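Please look over the model shown below.

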Amino acid sequence: MDHKSIARLITLLENTPEKAKEILSNLPRRTAPVIGFTGSPGVGKSTLIDQVIAKLRSSGKTVAVVAVDPSSPFSQGAFLGDRVRMKKHFLDDGVFIRSMASRGALGGLNESIYDVVELFESVGFDYVLVETVGVGQAEVEVRYVADVVVLVLSPGFGDEMQLLKAGIMEIADIYVVNKADLVGTDSLYDQLVSFLTFAGRDVSSVVKTSALNAQGIEELVNKITTLWEKFAETGKLKELRKQRLKHHAENLARRTLQKYLSLADLEDPYEGVEAALRSMCERLKNGQGGGT
Amino acid sequence: MKKYRILIAKPGLDGHDRGAKVVAHALRDAGFEVIYTGLRQTPEQIVKTAIQEDVDLIGLSILSGAHLQLSKKVIDLMKKEGIGHVPVFVGGIIPPDDVPKLLEIGVCRVFGPGTPLSRIVQEVKEVLEGVTSASGS
C-alpha cells in the first residue's frame, strides 16, 4: 500500500475510531515484531530509534514508526517534534514515520495506538516501533501494545531508589543506558545490574548505547530481535498478543461507556450501570460477543 | 472529531528557526497538532513528511531569500505527488514585492516579520475552514 493511503487510514483511525473495525477487517492479518520504546523526556528515545531504524534498514527490513508526544490539557493542541531526530530517513520508502498526539490518553500513548499498530502490521512492515511520550513512573500502557519493551534511561536519571519503584521499571524487557558518553554511565549500569540480579531477572538485558555516536546499536538490535524470536518460539508472543487484545477491548469499553454515560440522564451513579455491565460481561465470558 | 494537523517546515539552508518555533507554539496553543521537521529540509523531504503525516496545512519558514524558488519547488512537488490540494503558507523575511509572486505560485498566505501571532492563527483558521467547506468534508 502506498504511503499516502496508509497516512489517510491512520487519520481515519485517529478521528473516527468507531470505524476502525470496518477499516482494518478489509486488510490481511499479519504479525510483525512490535517494539516499544519508553522512558523519561530527554533520555534520547527518538535519536535511539533513528539509529535502530538505520540498523534494521541496513539488513533490508522495512520499518514503521509511531512517535507519540503529549497534547496540551488546556488547548488540546500539540507540538510533535520527534521527527526532527529521524531526518535521515525522510526520503527512504522503506520507512514510514508518523507523529501522533496523545490526545488526553493516559499511559503514554494515544487511544488509537492499537488500531494503528495493527494497520502497520497489516500493510506489511517488517518492524513496528512505538515511541511513547516522555513518561513518568506510571505510564505503562506500552507494555500491552508492544511485544518487546525497551526502557531507555540515561545518566542523571536518579538514584537507585528510582530503580526500586513499581511501575515503569518493571515493564521492560530490555534496559538501555543511553548517552553512555556521559559521566555517570557506569554507576547507572552497575545499579541496573544489581537491581535486576536482586529481582532475579536476566542481567544480560542491559545495554549501553550512545545514540549520538551510534555505539551499542548493533547489540541492542540483536537483543531485540533475538528476544522477539524467542517469544515467538516459546509461545510467549501468543500470550502477549492475547493481552494486547484484552487491553484493546478495555480501551474500547472505556470509550463506549464514556460515550453512553455522557448521553445518559442519570439521577444516581449506580443506576443500572453495574447491572448492565455485569450482563455484558456474562455474555463476553460465554463467548457470545459484546454485541446487543 | 476532526483535529487539524499542520506541518511547519524549514526548507533551504538558513539555520535559524526561532520564528518557525514561535509560530508552531502559537498554533499549538490555538489547539492545532503541529508537526515540526527541523532545519535544512529539501522540498522532497518536506513533501514526503506532509504525505506521511497527512497534514491539512503546510507552513514554510524561509529566511534565506530563496522563498520564490523553494516555495515553487514544494508546490510543484506536492502537485506531482497528488497532495496539491493542501494549502501552503509562507513566513519569514519576504520583501513586499515578492508577496504577489508567492501568491501566484500558489501560496495561500504570506506572513512577513512583525505579523502578530493572533493574525497568523486567525488566518490559518480561515484557510482551514475554507478548505473544509470547499471539499465538503
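What follows begins with the conventions and then turns to the interface.

This is a predicted model, in which local features need pLDDT of at least 70 and side-chain atom pairs count only at pLDDT 80 or more, while totals for chains, interfaces and linings use all residues. Residues are numbered from 1 along each chain as its sequence is written, chains are lettered from A and ligands numbered from 1 in the order in which they are written, and side-chain values use heavy atoms, with hydrogens and water left out.

Between the two chains, 26 residues of chain A are in contact with 29 residues of chain B, contact meaning heavy atoms within 4.5 Å. About 2500 Å² is buried between chain A and chain B, with 47% of it on carbon and sulfur atoms; buried area is the accessible area (1.4 Å probe) that two parts lose on being put together, summed over both. There are 6 salt bridges between chain A and chain B, a salt bridge being a side-chain nitrogen of Lys or Arg within 4 Å of a carboxyl oxygen of Asp or Glu. One salt bridge joins the side chains of Arg8(A) and Asp54(B), at 3.6 Å from N to O. Residue pairs in polar contact between chain A and chain B, both at pLDDT 80 or more, number 19. A polar contact is a pair of N or O atoms within 3.5 Å; within protein, one must be able to donate a hydrogen and the other to accept it, and residues adjacent in sequence count only if both atoms are side-chain atoms.

Which elements of chain A give two or more residues to the side that touches chain B? They are helix H1 (3-15), strand E3 (78-80) and strand E4 (95-101) of chain A. Helices (H or I, at least four residues) and strands (E, at least two) are DSSP runs, numbered from the N terminus. H1(A) gives the largest share, 7 residues. E3(A) also pairs with strand E2 (residues 33-36) of chain B, in the parallel sense over 3 bridges; two strands pair if DSSP finds at least two bridges between them. Within this pairing, Phe79(A) has Val34(B) as its bridge partner.

Buried means under 20% relative accessible area, exposed over 50%, and partly exposed in between (1.4 Å probe, protein chains only). In a regular strand the side chains alternate between the two faces of the sheet. Val34(A), Gly36(A) and Thr38(A) point one way from E1(A), and Ile35(A) and Phe37(A) the other way. E1(A) runs parallel to strand E5 (residues 127-131) of chain A, joined by 4 bridges, and Phe37(A) stands opposite Glu131(A) there. E1(A) also pairs in the parallel sense with strand E6 (residues 148-153) of chain A over 4 bridges, where Thr38(A) has Leu151(A) as its bridge partner.

In chain B, Thr37(B) lies in the loop between E2 and helix H2 (43-53). Thr37(B) counts as buried because its relative accessibility is 0%. Leaving aside neighbours within four places in sequence, its contacts include Val84(A), Lys87(A) and Phe90(A), as well as Leu7(B) and Thr49(B).

Asp54(B), the salt-bridge partner of Arg8(A), is in the loop between H2 and strand E3 (57-62) of chain B. Most residues other than glycine have a negative phi. Asp54(B) has a positive phi of about 45 degrees although it is not a glycine. At 15% relative accessibility, Asp54(B) is buried.
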